[in-house]
Amino acid sequence: MSKEETDEKKPFGTEFIETVVKPVVEAITIITPHAVKYFQLIYHHYQKLPTTHIQIIFGSILCFFGGIYPTLFAAFEAAKHGGIKDLQKAVTDLTNEALIIIEESKKDDKVDANGDGVADVLQISDQEYVLRKS
């Protein structure tokens, strides 16, 4: 069977999954824990800042965003009036869930069910990989 014949029998979207989805999932798995730690560090320092320093930072952000100032200001005000505490809780919950999923994915990456010394995720096709991780 030639490569052309096997390409014709692939389901719609398989090539997209093989070339885009797998690398994106791997990138998210690598980047997310570092991003979470970075934002937690920023938030920790933010909480320690005096109110005047926060106002200076906020004013600088508004100053340098130029043409989108009204949109940025409206978003901040809407968040304050719409329940920023609920938003913070939801983002925290989602972050914790994402970290749990990433840790489980890393454990799955080490599984060698057939005992041949090579992790199973390295022996399966890209399509099987996507199905296994989703």
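1. pLDDT is the predictor's confidence in each residue, from 0 to 100. That matters here, since what we have is a predicted model: local features need pLDDT of at least 70, side-chain atom pairs count only at pLDDT 80 or more, and totals for chains, interfaces and linings use all residues. For bookkeeping, residues are numbered from 1 along each chain as its sequence is written, and side-chain values use heavy atoms, with hydrogens and water left out.

2. On confidence, the protein averages a pLDDT of 80, with 88% of the residues at 70 or above. Where pLDDT is low, the predicted coordinates should not be read in detail.

3. The fold, then. I count helices and strands as DSSP runs numbered from the N terminus (H or I, at least four residues, for helices; E, at least two, for strands). On that basis the protein has six helices and zero strands, so its order from the N terminus is α-α-α-α-α-α.

4. Contacts are heavy atoms within 4.5 Å. Taking those between residues at least 6 apart in sequence, 45% join residues at least 24 apart.

5. Have a look at the surface: Tyr43, Tyr46, Leu49, Ile57, Ile61, Phe65 and Ile68 form a nonpolar patch with about 610 Å² of accessible area together. Helix 2 (14–48) and helix 3 (51–64) are the elements that give two or more residues to the patch. Patches are made of residues with over 30% relative accessible area and no salt bridge, with like charges joined within 9 Å and nonpolar side chains (Val, Leu, Ile, Met, Phe, Trp, Tyr) within 5 Å. A salt bridge, in turn, is a side-chain nitrogen of Lys or Arg within 4 Å of a carboxyl oxygen of Asp or Glu.

6. The structure holds three aromatic pairs. Rings of Phe, Tyr and Trp (its six-membered ring) pair if their centres lie within 6.5 Å; planes under 30 degrees apart are stacked, over 60 edge-to-face, and the rest tilted. One of the pairs is stacked, because the rings of Tyr43 and Tyr46 have centres 6.2 Å apart and planes at 25 degrees. These two tyrosines sit three residues apart in helix 2, about one turn of the helix. Tyr43 is partly exposed at 38% relative accessibility, and Tyr46 is partly exposed at 43%.

7. What kind of pair do Phe58 and Phe76 make? Their ring centres are 4.9 Å apart and their planes at 65 degrees, so the pair is edge-to-face. Phe58 lies in helix 3 and Phe76 in helix 4 (residues 69–82), so the pair ties together parts 18 residues apart in sequence. Phe58 is partly exposed at 29%, as is Phe76 at 33%.

8. Phe73 also belongs to helix 4 and is partly exposed, at 33% relative accessibility. Leaving out residues up to four places away in sequence, Phe73 touches Phe58 and Leu62. Phe73 and Phe58 are 15 residues apart in sequence and 9.9 Å apart in space, C-alpha to C-alpha.

Definitions and conventions
Accessible areas come from the Shrake-Rupley method with a 1.4 Å probe; for residues, only the protein chains shown count as cover. Buried means under 20% relative accessible area, exposed over 50%, partly exposed in between (1.4 Å probe, protein chains only).
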